[in-house]
Amino acid sequence: MQNCLKSLTLKVNIFAFLQLCISSFFREKLNAPFLDHPHVQEDSHHHAKFDRCKGIEFDAIAPDEKGNTFFFKGDHLWKGFSGPAELANGTFKELDEYHHLGHVDAAFRMHNKDGDPLKDHDHIFFFLGDKVFSYYNHSLEKGYPLEIQQVFPGIPCHLDAAVECPKGECITDSVLFFKGHEVYSFDIKTKTVKKKLWNHLPNCTSAFRWLEHYYCFHGHNFTRFNPVSGEVEGNYPKDARRYFMRCQDFGHGAEHRKPRCKLDAMSMDDTGKTYAFIESMYIRLDSHRDGSHPFPITRSWKEVSGRVDAVFNHGDRIYIIQGNQIYIYKSATPYTLIEGYPKPLKDELGIEGPVNAAFLCANEHVVHIIKGQKMLDIDLAATPRAAKSEFPLSIADIDAAICDAEGVKVYVGAKYYLYQSPRILAMGKIMPVAHKISPEKFGCEE
């Protein structure tokens, strides 16, 4: 028994010695710093957890068909804007078979409603080296991976980033592929490519479309850009930790405070875009598939600063009331202020401000203005405009109101009341059941 132990000990020592020699040999031949390369460390420590709040350069960012956004780094990913890193092969297992490539080069969610919806619309495409993978519902599509040129002819290998660009935001349904400062605009329908050079943008290691805006991520920063011209839109770069993830001491715009659940205004346009305005911020409510997030009002309506009193949409216009002034914007993104505005509210609607709320029901041209405990009806098709009728209301202290498929929702503090129609709101004497505002939906605190 003792001889067996001695023999085993000797074999273990010899094996350890050989391992040391081999390791030393490869350090000298392959250059020692390579072994400390971050991808090597990530690949060889599958239990490692990365903290994106410490500042990480993402390899790719892409949402899935349900709107869950994935942030990729090495062999790990993050699901959504908060939470820890986890191994990517737990969600997209086939990528692990090609993991010798180190990381995902680029990824995007396809937008191709005009094509075969079962073929590629809402699929996630991953690019690794010269290969492309297509996933739907986190399952690899049959026949993949394929050569990039087979699916996207004219697009180079070893990409840096990719992002979808639907028709209306780009000229046609397209995909933007980034490689250095070269940008390849791929027309999904015709499969033609236009090559551009955007030297003014940083090298994008990932790109992301969110709420009809486009972001180039570089280092732990991002820059917003126009998807057609590449023009930088605003004062950039900005730190991603303040906007696209929830990090301690990195609140939105250097503020981490959530506003109270007390709305100032709500509105919905003809395309279904729904906005809630709280203090100097707004939030898109119809974008739950892509996550919700508060933004400064000046981000979309740059001429409007501070709180607003009321907002409503009519046709292709969005009306923003603030004090005794009214702003009118074209409702197509990006929002453009109509020449000659703001104007006095008296000149536009024939009433004095301030007002509490305003709402307009679908396919109607009468806007209902709530002022104090009265509701004024104004026909937007009339010239000149003026209040054609006035109704006393049984409900007081209204902050905001909206008319949608459910009826008229009237917001008072952290609660709202649902009326079946504007007429019932005007004539009703009995208060409906109160409903609480959802802090999760509105990103606010009770």
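**View 1. Four strands form an open sheet in the order β18-β19-β20-β21, with antiparallel pairing.** The edges are held by β18 (265-268) and β21 (294-296); each has a single partner strand, so one side of each is left without a neighbour in the sheet. Neighbouring strands here are turned by 25° against each other on average, direction ignored. Strand β19 (residues 274-278) runs antiparallel to β18 and is joined to it by four bridges. Within this pair, Ser267 stands opposite Tyr275 of β19. Strands are DSSP runs (E, at least two residues) and helices are too (H or I, at least four), numbered from the N terminus; two strands pair if DSSP finds at least two bridges between them. The model is predicted: local features need pLDDT of at least 70 and side-chain atom pairs count only at pLDDT 80 or more, while totals for chains, interfaces and linings use all residues. Residues are numbered from 1 along each chain as its sequence is written, and side-chain values use heavy atoms, with hydrogens and water left out.

**View 2. Strand β32 (residues 407-412) pairs with β31 and with β33.** Five of the six residues of β32 are buried, so the strand is largely enclosed by the rest of the structure. Buried means under 20% relative accessible area, exposed means over 50%, and partly exposed lies in between (1.4 Å probe, protein chains only). On one hand, β31 (residues 400-404) pairs with β32 in the antiparallel sense over five bridges, with Ala400 partnered by Tyr411. These two strands form a hairpin with two residues between them. On the other hand, β33 (residues 415-419) runs antiparallel to β32 and is joined to it by five bridges, including one between Val412 and Lys415. This hairpin also has two residues between its strands, and Gly413 takes a positive phi near 60° in it. Lys409 and Asp404 meet in a salt bridge (3.1 Å, N to O). Lys409 is buried at 9% relative accessibility, whereas Asp404 is partly exposed at 22%. A salt bridge is a side-chain nitrogen of Lys or Arg within 4 Å of a carboxyl oxygen of Asp or Glu.

**View 3. Arg52 is buried yet has no salt bridge.** Arg52 is placed in the loop between α3 (38-44) and β1 (60-63). The nearest side chain of opposite charge, Asp51, is 6.8 Å away; Lys and Arg count as positive, Asp and Glu as negative, and His and the chain ends are not counted. Not counting residues up to four places away in sequence, Arg52 touches residues including Phe58, Phe71, Trp78 and Arg241. Contact means heavy atoms within 4.5 Å.

**View 4. Trp301 is one of the residues with the most contacts inside the largest nonpolar core, which has 55 residues.** Leaving aside neighbours within four places in sequence, Trp301 is in contact with residues including Tyr275, Phe277 and Ile318. Apart from this core lies another, of 17 residues, among them Ile148 and Val175. A nonpolar core is a set of buried Ala, Val, Leu, Ile, Met, Phe, Trp, Tyr and Cys residues joined through side-chain atoms within 4.5 Å.

**View 5. Glu212 and Lys273 meet in a salt bridge (3.7 Å, N to O).** The pair links distant parts of the chain, 61 residues apart: Glu212 is in the loop between β14 (206-210) and β15 (213-218), and Lys273 is in the loop between β18 and β19. Glu212 is buried, with a relative accessible area of 19%, and Lys273 is buried, with 13%.

Methods
Axes fitted to C-alpha atoms, helices over the stretch in contact; angles between N-to-C directions.
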